[in-house]
Amino acid sequence: MTVYFFLKMYLDKIHSLQTGVSLEISTIALRDLIGDAMVGQRIPELAKICCPMDLYDYLSVVVYKDAEGLVSRRHAWVDEIKNDLLAGRPVSFRRFDKLFWRTLDEEDPDGDEWYRLISGEEFRSQLISLLGILRSANRRLLQQVDVLPDLKIGWA
């Protein structure tokens with residue numbers, strides 16, 4: 001799928017943090033949504049994606065290396081996703097992001113790198129580009145559904 005190859009530059013790529021953690025921000029759920037929409041399912045769900053933050057519901061994170069170290073350093077916030085992290089299964093982007101809550105004076109090398117990763121211009125740019133691709137796909141899908149548009153819309 002074209003979207004998959006476009007995103008490979010940043011999303012769906014393994015990132016290695018200085019703490020030894022290797023992780024991937026995956027778009028598999030988003031690709032599944034697009035695939036379902038292309039066959040006429042979940043089109044309203046696709047249409048509800050309006051801003052880059054909405055994409056977070058369709059991103060996941062897979063930790064490939066040093067999940068144990070991450071779990072031990074983030075033990076206060078990891079309970080809900082601990083088993084998935086340790087097993088190398090995807091966890092929702094939003095839940096993973098919540099691992100890095102902290103006070104301002106707390107030293108947190110994992111959190112510092114995570115925030116640099118997701119707040120960088122490259123990440124934001126790819127989310128915005130992805131949003132444009134999804135909007136275009138949604139318009140095409142809606143045009144296929146509305147084969148005969150109502151020509152009197154907005155007319156008195």
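The legends below describe several close-up views of a predicted model.

Residues are numbered from 1 along each chain as its sequence is written. Because the model is predicted, local features need pLDDT of at least 70, side-chain atom pairs count only at pLDDT 80 or more, and totals for chains, interfaces and linings use all residues, while side-chain values use heavy atoms, with hydrogens and water left out.

**View 1. The protein chain and its elements.** The protein chain has eight helices and four strands, where helices (H or I, at least four residues) and strands (E, at least two) are DSSP runs numbered from the N terminus. Along the sequence these elements follow the pattern α-β-β-α-α-β-α-α-β-α-α-α. Of the 156 residues, 37% count as buried, a term for under 20% relative accessible area with a 1.4 Å probe, protein chains only, as against exposed for over 50% and partly exposed for values in between.

View 2. Four strands form an open sheet in the order 1-2-3-4, with antiparallel pairing; two strands pair if DSSP finds at least two bridges between them. Strand 1 (14–16) and strand 4 (91–92) are the edge strands, each pairing on one side only. Strand 1 is joined by three bridges to strand 2 (residues 22–26), and the two run antiparallel. Helix 7 (residues 109–119) packs on the sheet, where it touches strand 1, strand 2 and strand 3 (60–65), and its direction makes about 30° with that of strand 2; axes are lines fitted to C-alpha atoms, for helices over the stretch in contact, and angles run from 0 to 180 degrees between N-to-C directions.

View 3. H15 stands opposite L23 in strand 2. Not counting residues up to four places away in sequence, L23 touches residues including H15, V62, F96 and W114, contact meaning heavy atoms within 4.5 Å. The largest nonpolar core has 39 residues, and L23, I25, F96, W114 and F123 are those with the most contacts inside it; such a core is a set of buried Ala, Val, Leu, Ile, Met, Phe, Trp, Tyr and Cys residues joined through side-chain atoms within 4.5 Å. The largest share of this core, six residues, comes from helix 8.

**View 4. N138 in helix 8.** N138 is found in helix 8 (residues 121–145), and with a relative accessible area of 12% N138 is buried. Leaving aside neighbours within four places in sequence, N138 is in contact with I43, L46 and A47.
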